[in-house]
Amino acid sequence: MPLGTTQYADDRRTDNAWWWLAIALGVAGAARYLAILLRYDAYGIAKFFMADDAYYYFQVARHVAAGDGSTFDGMHVSNGYHPLWLLFTAGIFRLTGGSGDLPLMIIHGLQFGMLIASAVLLYHALKPIDRLAAAFTVALFLASNATRNYLYNGMESSLAFLLVCLLLRIATDRGVRFMRPDSWRYTFGMFALLATLFLTRLETSLFAALWLLGALVLDAIDRTRHRTRILLIGFGLALVAAAYFAVNLQLVGVPMPISGYVKAGGWGGWLQSARVFSNHRVAFAGLLGPPIQGRGLNELTLLVSAVLAVSLIGFFVRPRGTFLTKLLVFGPFVLFAAGFVAAAVFVTHGSFPWYLWPALLTGLFATFALFRFLLGLRRVSGLVRALMVIGTVCFVGAGWVSVLKDRTLADWGPMRGYVMDATIRFIREEIPAGDRVGAYSSGMMTYFSGREMENMEGLANGLDFYHARLKPDTFADYLRRNKIRWIVFRTTFRGEYDAHLAEWGNQIPIVRRIDLDQFYQLDIRARHPSIEEPGVYVLELGI
């Protein structure tokens, strides 16, 4: 049963002209990634485009490549990462010698390549349904700030997204046979893809479970007798998961990444859970939503989300007779995204938003569905196409402005780059080389300062740190045992300074407090009026 057919029938030459225009806009949107690579060095890209958590990966990868083992701070064994991206980056550090800008620039360049590969796969997956709608959707994907924010950030998201796009391409090519392993070659290929996806991002095991369940149900209904192959895929995935858990138990003492335990251990309340859901809703509207959020724009994003949700429902139910096929092909991807959002809201209790690329993928489906519907309005098809071009041009322009303007730190909100520069400078020049340092949001500080630092959130630490966090009255003892003499952290809201001190129960005397705003005369407070209480502090502890 076909997935659908093109619903507009203009002259072929005119149709090709619109298609080439969409492709040109996609190329223009993608070119800004080249501008990033050419304009900034590795440190500049880190400050302005990467997530700080990416440098938990890169610091561990650098240690692994040097033969030091799986450690972030050079002392404790850590598994605070998803394994495949860590191994991928460690291989690059190993091949390049592990120092200088080269390994990081290669990683950033490869992430750009993954975005291009994802766009090609998405286009070929959606093209059989509607060629022009697919072209405009992919153009927006390459132009959108949401794509850059969620997929070009140094994390494993770009690799996971690429693998899901490959699965989507297979799904649309095979139709209902996507869940029918009718040959041993396809059986092995699906196992390899699902296993690779699991090792790239552990929560994608939900997608594997949905595929296996759907395959078993379809096999029972159609009596195609592929159950043995389906069960073998499931058994193979179970072995991969068991091996992964066993390695973690041997390495660290817990089966899952320490970072996952930390994120799942908080309680932000139901209001915070609603905010996490809101983050995913913004990602769902990402291709068509405003590039920033603010007064009046939040309501616009909500409206865009509602329109996209209706479009997605309409895609499944119309035209008649295609619902089952679309459900089998696209259903696992949409259900996976919904499950991912539910986990982010309920498993972490709203304490952490997790990653937003599954919502972005579902929003991409919905955007395609909306474009397909609009292009099917034959009486106004010319106007619709002109408006789509104008809208895409606006998004391309906004993306370029975002890249070329005077930038703020990607991970530290609206603070300027000089704040990170001063923090790293102080660590290098003012803290004695033999003293141990702990820091919050410490990925970039650790990597670029050249100092081994304890990650005070516990995302890249060992089991001992996690246990100390569970019992605040023992946290001070942990700091003493590990001789952590200096603590570095930033503040943005009122009361954050005292909240950090409360984490070790004010049980350790503070010998000296350095306010970098005053130490370097940075004028942080004057230059960042939008932040409630901006600052960077270094505390010398009485240890």
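Mentor: A crossing of two helices is left-handed if the near helix is turned anticlockwise from the far one by less than a right angle, and right-handed if clockwise. The model before you is predicted, so local features need pLDDT of at least 70, side-chain atom pairs count only at pLDDT 80 or more, and totals for chains, interfaces and linings use all residues. Residues are numbered from 1 along each chain as its sequence is written, and side-chain values use heavy atoms, with hydrogens and water left out.

Trainee: Which hand does the crossing of α8 and α16 have?

Mentor: The crossing of α8 and α16 is right-handed. Helices here are DSSP runs (H or I, at least four residues), as strands are (E, at least two), numbered from the N terminus. The axes of α8 (residues 157–174) and α16 (residues 357–375) come within 10 Å and cross at roughly 40°.

Trainee: Which residues make the contact?

Mentor: Contact means heavy atoms within 4.5 Å. Helix α8 contributes Ser157, Ala160, Phe161, Val164 and Leu168, while α16 contributes Trp357, Leu361 and Phe365.

Trainee: How are salt bridges to be read, and how many does a search of the whole structure find?

Mentor: Side chains of opposite charge can pair when their charged atoms come close. The criterion is a side-chain nitrogen of Lys or Arg within 4 Å of a carboxyl oxygen of Asp or Glu. The search finds 21 salt bridges. One of them joins arginine 131 to aspartate 15, with the closest N and O atoms 3.1 Å apart. This pair links distant parts of the chain, 116 residues apart: arginine 131 is in helix α6 (residues 131–143) and aspartate 15 in helix α1 (residues 12–39).

Trainee: Where does proline 319 lie?

Mentor: Proline 319 is in the loop between α14 (297–317) and α15 (323–347).

Trainee: What is the phi of serine 441?

Mentor: Serine 441 has a positive phi of about 50°, although it is not a glycine. Serine 441 belongs to the loop between β1 (436–439) and α19 (443–449).

Key. Axes are lines fitted to C-alpha atoms, for helices over the stretch in contact, and angles run from 0 to 180 degrees between N-to-C directions.
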